[in-house]
Amino acid sequence: MKKTALITGSSRGIGAATAYALAEAGYAVCINYIEQRQKAEALVKALRDKGHTAICYRADVADASAVQAMAAHAGEELGQISLLVNNAGVAGQIQFQDITPDAWNRMFSVNLGGCFNCIQAVLPGMLKAHEGCIINVSSIWGSHGASCEVAYSCTKHAIIGLTRSLAAELAPTGIRVNCVAPGVIDTDMVKVLGEETLSMLAQEIPLGRLGKPQEIADTIVHLASATYTTGQVFSVDGGFIL
């Protein structure tokens with residue numbers, strides 16, 4: 001019997017690479033998206049063409065009722081969710097004094113609130129089964145901070161706190177909670193910085209290049225099966241933060 005994974009924000013980038021890697025590892029996957037319907041459906045088709053089990057579902061992770069509906073649908077179509085990957089997120093560079101309350105609240109609603117909503121949606125089933133795995137995607141800026149990314153860094157720092165605290169709370173139930181903190185990864189989210197900035201960042205990374213989405217996905221797949229690991233934060237950043 002296949003295990004079921006729900007990966008939020010998985011129509012492209014790290015999320016898509018993770019969905020693909022988990023399907024290859026034997027999971028039935030639910031691909032979540034909010035805007036990129038064509039990419040989500042194309043990924044589902046690509047996975048099904050390879051014999052994998054996959055569906056997609058549109059939901060804003062900041063909307064608790066939409067998340068509950070998504071989790072219920074995934075459970076009905078694929079089976080009880082045993083792995084949740086909280087990957088959905090928004091980012092943006094802006095000086096602190098220019099952040100509007102709406103922008104601040106939206107970033108927290110998606111990045112942190114999305115984790116809260118999704119965990120609340122899948123946790124009852126995991127508790128009933130006395131097993132499960134939750135993997136949250138933070139960022140190196142969640143542990144070290146970044147100029148002109150105060151709101152984003154705050155949300156990612158909070159995700160690390162969520163991971164460690166929830167891991168301690170759920171450990172007696174057999175549910176594991178871990179976190180991946182990517183560095184500068186070659187995705188649409190970072191391409192907005194421009195080639196010049198990305199080139200400068202690559203020069204600062206000891207391994208001399210940006211990371212690949214697949215390299216984050218590989219870490220997530222490892223954590224999904226690392227049965228004696230919980231409450232940990234794994235930096236995957238090419239040595240950027242040493």
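I started with His-130, which is exposed, with a relative accessible area of 58%; exposed means over 50%, buried under 20% and partly exposed in between, using a 1.4 Å probe and protein chains only. A note on what I am reading: this is a predicted model, where local features need pLDDT of at least 70, side-chain atom pairs count only at pLDDT 80 or more, and totals for chains, interfaces and linings use all residues. Residues are numbered from 1 along each chain as its sequence is written, and side-chain values use heavy atoms, with hydrogens and water left out.

I then checked the backbone at His-130 and found a positive phi of about 60°, although this residue is not a glycine. I placed His-130 in the loop between helix H5 (113-129) and strand S5 (132-137). Helices (H or I, at least four residues) and strands (E, at least two) are DSSP runs, numbered from the N terminus.

Next I turned to Cys-148, another non-glycine, with a positive phi of about 65°. I found Cys-148 in the loop between helix H6 (141-144) and helix H7 (150-170). At 30% relative accessibility, Cys-148 is partly exposed.

How many disulfides did my search of the whole structure find? The search came back with zero, a disulfide being a pair of cysteine sulfur atoms within 2.5 Å. Cys-118 is in none, and the nearest cysteine sulfur, in Cys-115, lies 7.3 Å away. I also noted Cys-118 as buried, at 1% relative accessibility. For Cys-148, the closest cysteine sulfur is in Cys-154, and at 14 Å that is too far for a bond.
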